[in-house]
Amino acid sequence: MMKLKTIAVLLLFQLVIVSCQKEEKKVVTTESKITNDTIKTVKTEEKIDYSNFNIFSLSIISSAEKDSDMDIFISVSDIYEGAQPIPADIIKNQKQMTYEELQHFELDASSRKKLLSGIRLTEKDSLYIYEHGSNKLQRMPVSQLKAVAYLSPYSDSEEVDPESYMMGFQVATHQKTTDYDRYNNAIAYFGNKNPFVENKMKAVKWQKAGADISKKYFSHSKLAQGKTYQSQYENMTYYLQDYLEEGNTVERKLAVINDRKEKIAEKTFSLAGSDGGEFLPLYGIDADEANVFQYTGHLFKGKPPVIFGFIAQSFGCPSVSFLDQKEKDFPINCDNRH
């Protein structure tokens, strides 16, 4: 069955990059006042500092040597501070270099040191990759990762400068294209502690909800009400309400109900103000198990459960939302520049 994942943007120039997409105008996420109730969190003795906390998507790049292979890369350009650490020889000698030589190269020792300094990372830190689609955790010492640069497909092919490059770390090379989901359904973090809870994430499988749900858990809106869906996670029931404008879904509201029938969390996902964004299919409704986008569960140590995967952005990066009105969303850095 042909997958719906083609929603992801394919970027050419002998370089195809598929990453969590970015949005110039942020998707509107609003919250309502709800019943004061405790949402279960996963207890841990290890405390994680979530100030200046950054998570990243993994970019999937088609191999220059073989179209059926992929290189896996994490760009840190979104958080890098300072002048791009591109070796001066690259810019100076670009007219004598082939496009293949310009588009991808490993940073020299001096440039690598600048990159690490610009993102406040050390060689003693680690890269943690959590594959939420399969609940697998991978750890790699930063000292063993190649610091690399990839030419952005949106750069001027006639003249490149340091800002034309995406800076980051190569995770793997020559991976099979059949592993697309493995890397697309993953979140990465650099640091000295693992922030991820293991084996607590699951795909959200939706089914149609009864007509009484809309009146019971969702407030009046100027938009026309569409279909209502529901799903279950631990002691919580998720209700999702579509809101329509001229027959098209432009907003979705999520209400989370505990086993005492109290509303303990509410989120609004809206396309208002977005440029080219669209709602992703719902697993169980208009997508099968090969096309899961929404995931939920305990992802971060000491934090409430999360949910994400509702909107595909053409510009900007997606976010992870917490099922707690006191917690701000975590944006996923994805270096989607236009």
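Predicted model: local features only at pLDDT ≥ 70, side-chain atom pairs only at ≥ 80, totals over all residues.
Phe 53 belongs to the loop between strand S2 (28-30) and strand S3 (55-56), while Tyr 189 belongs to strand S11 (residues 187-191), so the pair ties together parts that are 136 residues apart in sequence. Both Phe 53 and Tyr 189 are buried.

These two rings are also members of one aromatic cluster, made up of Tyr 50, Phe 53, Tyr 130, Tyr 189, Phe 196, Phe 300, Phe 322 and Phe 330. A charged residue meets one of these rings: Lys 303 lies over the face of Tyr 50, 4.8 Å from the ring centre. Another such arrangement involves Arg 252, whose charged end sits over the ring of Phe 279 at 5.0 Å from its centre.

The structure has 1 disulfide. It joins Cys 317 to Cys 334, with the sulfur atoms 2.2 Å apart. Cys 317 is in the loop between strand S21 (311-312) and strand S22 (319-322), and Cys 334 is in the segment after strand S23 (330-333), so the bond ties together parts that are 17 residues apart in sequence. The torsion about the S-S bond is about -105°, and the disulfide of Cys 317 and Cys 334 is therefore left-handed. Cys 334 has a relative accessible area of 3% and is buried.

Salt bridges number 10. Among them is the bridge between Lys 95 and Glu 159, where the closest N and O atoms are 3.4 Å apart. This pair links distant parts of the chain: Lys 95 is in the loop between helix H1 (88-92) and helix H2 (99-103), and Glu 159 is in the loop between strand S9 (146-151) and strand S10 (165-176), 64 residues apart. Lys 95 is exposed, at 58% relative accessibility, whereas Glu 159 is partly exposed, at 45%.

Asp 329 forms a salt bridge with Lys 267, the closest N and O atoms lying 3.3 Å apart. Because Asp 329 is in the loop between S22 and S23 and Lys 267 is in strand S17 (residues 263-270), the pair ties together parts that are 62 residues apart in sequence. Lys 267 is buried, with a relative accessible area of 3%, and Asp 329 counts as partly exposed at 22% relative accessibility. A further salt bridge is that of Glu 266 with Lys 263, with 2.7 Å between the closest N and O atoms. Glu 266 is buried at 10% relative accessibility, and Lys 263 also counts as buried, at 19%.

Helix H3 (residues 109-118) can be read by its faces. Its residues Ser 111, Arg 112, Leu 115, Leu 116 and Gly 118 are buried. Seen down the axis of H3, the buried residues fall within an arc of 165°, so they line one face of the helix. Among the elements that cover the buried residues of H3 are S9 and S10, the strands on either side of the loop that holds Glu 159. On the face of H3 turned away from its buried side are the exposed residues Ala 109, Lys 113 and Ser 117. After H3 comes Arg 120, which has a positive phi near 55°.

Conventions: Residues numbered from 1 in each chain as written. Heavy atoms only, no water. Disulfide = S-S within 2.5 Å. Helix = DSSP H or I, 4+ residues; strand = E, 2+ residues; numbered from the N terminus. Buried < 20%, exposed > 50% of the residue type's maximum accessible area, 1.4 Å probe, protein only. Salt bridge = Lys/Arg side-chain N within 4 Å of Asp/Glu carboxyl O. Arc of directions from axis to C-beta. Contact = heavy atoms within 4.5 Å. Phe/Tyr/Trp six-rings, centres within 6.5 Å; stacked < 30°, edge-to-face > 60°. Lys NZ or Arg CZ within 6 Å of the ring centre and 35° of its normal.
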